[in-house]
Amino acid sequence: MNLMSRSLLLVACLALAACNNPRAGGTFGSGGADGFGNDGFFDAGITTGNLGDPNDPRSVAHFQQRIGDRVFFTVDSSSLTEEGRSTLREQARWLNTNTQFSIVMEGHADERGTRDYNIALGERRANAAMQFLISQGVSANRMRVVSYGKDRPVEACAAQRCWDINRRAVTAISGVSG
Amino acid sequence: MIRLFQFLSVCALILGLSAVSPAQAQPLRLQITEGVIEPMPFAMPAFVAENSAGGQYSDALARVVAANLSNTGLFREVPPQAHIARISSFDAGVNYSDWRAINVQALITGAVSVSGNRMTVKFRLFDVLTGQQVGQGLQFAGTTDSWRRMAHKVADAVYSRITGESGYFDSRVVFISESGSRENRTRRLAIMDQDGENVQFLTDGRAMVVGPAISRSGERILYTTYETGTPRIALMNTQTGQRQLVGDIPGAQVFSPRFTPDGSGLVFSAARGGNTDLYRMTLGTGQIQQLTSSPAIATAPSFSPDGRFITFESDRSGTSQIYIMPASGGEAQRISFGQGRYNTPVWSPRGDLIAFTKQNAGRFHIGVMRRDGSEERLLTASFLDESPTWAPNGRVIMFTREAQGGNPSLYSVDITGRNLRRVPTPGPASDPSWGPLLP
């Protein structure tokens, strides 16, 4: 599938969704560019799309803002937290209903590590989240993994507050599947 | 076409005039292995212009030679303003008492002539205390646009004659040049002279790139690129401008590439299914061989200079530690046992030491240890130090340092832990890979 068409619809959604993610509170909103940096398709440059109404449970906006598109990890760990599993269960329910979407599972690390190790760690985290979605019935064919290591922080502030939100796996809705 | 290595035909002509035998050159000597507390004072007067066109390079050449030597921390310049004598003829005898009077130990004299775009540079080195020339005069010839390289070659020859080690000034460094906000960073592959001059950008910044590695020949670069959306390994030839993606493993993130010492292949990491292993690829055949198969992370590989072993990091013990295994794979031996986590082991080009990043108690360090893990020494400490790379003579390490809340910059430190210096770059910079001494 062509990168451009995949990214067409939903890049903009990611940007707005991050601002309203209930798990993140108001934290993600201040940077302005949040979400764009995470979706992996910023280079495509096309950000036209219909977010939908977050009150519509079938909308992508609902997935990102009500369910939450990301789960967080403790230092140097790729184990899903109870809260993370709960988010992923809801993500799986949504994905199993809205089967037209494919996803990119992004793995990220905080900045307190070396670059290569953090790419490997990011892949572990993305894989952990993806495997959980698979266990919840989401087809592996709809998912692919990308690890950004420490190089795509949500917010870089060289403090615990930022490191905590940067250690994450983000379920990026990347386009219409198939 | 990227013209990275400017044509420089260096005719190392020996200037026989008034030379003394090498045996007499011994007194002017620095032992650099223990670190030097008192740098050797030297004088580098402006190069004598042997024709009018050479005049514009007289001072510039001298300044580059002097900066190279001073930046080692092993030498201290007695500045031209303090000189009593003036070198007006390259072949005239040296009046040593004029230099002893201002406490100079090493005197370097030079001459330059320019004809069209061709340039000839000569130099001599004198031991002021014994009143003797050290070695014979040397002459370099090349084009004027490689004038800095000729100054580097003079400095390399001086460094080598006084320390007994090969130099490292006429070498280049590949790195990642960063710009923009931390949250949406632009990263470009770049190359520069070891002193931060002549920066050239090799990628346009549209795709994120990280972790370059330069070949031992200095002509090719491996790096990780996100141009396809997932991490892939690119191989770039800086001479021809050719570029290709290599090391594809279906469904895997591939990264952390390093050349084999002979340049015929590479070793790299592939992450798939939550597991990162090391692979080796032969460039000629495209054949890929898996080297590790542990359900843990194995990354940041580095070959021993003889190509027989690979050092790498793995968290198979629970935390990241340094291992060594045969270059064809097989049983790996752990060599790091101190407190904290160890990452990014890099084998010295001399083969004697392995440099690494260490994370302990919230601080990051660049350190060195012997290949059996003994004699660990930490050379730096900061909020974030990482990605060490060796100077071609194995005496200096360049690395990435990031102050808390600041931008990353390149720094260098010598293997005794002295002479920590920031390397100038056009903006934030990371992931240096130091190339060979150029021919």
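**Entry 1: terms and model**

I count a residue as buried if 20 or more other C-beta atoms lie within 10 Å of its own, as exposed if 12 or fewer do, and as partly exposed in between, with C-beta atoms placed from the backbone. By that rule, buried residues make up 50% of the 439 residues in chain B. I note that this is a predicted model, in which local features need pLDDT of at least 70 and side-chain atom pairs count only at pLDDT 80 or more, while totals for chains, interfaces and linings use all residues. Residues are numbered from 1 along each chain as its sequence is written, and chains are lettered from A and ligands numbered from 1 in the order in which they are written.

**Entry 2: chain B overall**

I looked up the secondary structure of chain B and found 3 helices and 32 strands. Helices (H or I, at least four residues) and strands (E, at least two) are DSSP runs, numbered from the N terminus. The C-alpha trace of chain B spans about 70 × 45 × 40 Å along its principal axes. For 439 residues a compact globule would have a radius of gyration near 22 Å, and the 23 Å of chain B agrees with this. The radius is taken over C-alpha atoms, and the globule rule is 2.2 Å times the number of residues to the power 0.38.

**Entry 3: cores**

I take a nonpolar core as a set of buried Ala, Val, Leu, Ile, Met, Phe, Trp, Tyr and Cys residues joined through C-beta atoms within 7 Å. The largest has 122 residues, and B:L61, B:V65 and B:I397 have the most contacts inside it. Helix α3 (residues 147-163) of chain B gives this core its largest share, 9 residues. Why does the core lie between domain 1 and domain 2 of chain B? Domain 1 (13-163) and domain 2 (172-437) both give residues to it; the bounds come from an automatic or database domain assignment. A second, separate core has 26 residues, including A:L95 and A:M105.

I then listed partners of B:I397, leaving aside neighbours within four places in sequence; among them are B:A355, B:L379, B:W390 and B:V413. Contact here is C-beta atoms, placed from the backbone, within 7 Å.

**Entry 4: side of chain B that touches chain A**

I find 34 residues of chain B in contact with 27 residues of chain A. On the chain B side, β16(B) supplies the largest share, 3 residues. The residues of this side divide into 8 nonpolar, 19 polar and 7 charged. Ala, Val, Leu, Ile, Met, Phe, Trp, Tyr, Cys and Pro count as nonpolar, Asp, Glu, Lys and Arg as charged, and the others, Gly among them, as polar.

**Entry 5: strands**

Two strands pair if DSSP finds at least two bridges between them. I checked β20(B), where 6 of its 6 residues are buried. It is joined to strand β21 (residues 309-314) of chain B by 4 bridges, running antiparallel. The two form a hairpin with 5 residues between them, and B:G307 in the turn has a positive phi of about 80°.

I also traced an open antiparallel sheet of 4 strands in chain B, in the order β11-β10-β9-β32. β11 (200-201) and β32 (429-437) stand at the edges with a single partner strand each, so one side of each is left without a neighbour in the sheet. β9 (residues 171-179) and β32(B) pair over 5 bridges.

**Entry 6: B:D127**

I located B:D127 in strand β6 (residues 118-127) of chain B. Is B:D127 buried or exposed? B:D127 is buried, with 22 other C-beta atoms within 10 Å.

Notes:
Contact = placed C-beta atoms within 7 Å.
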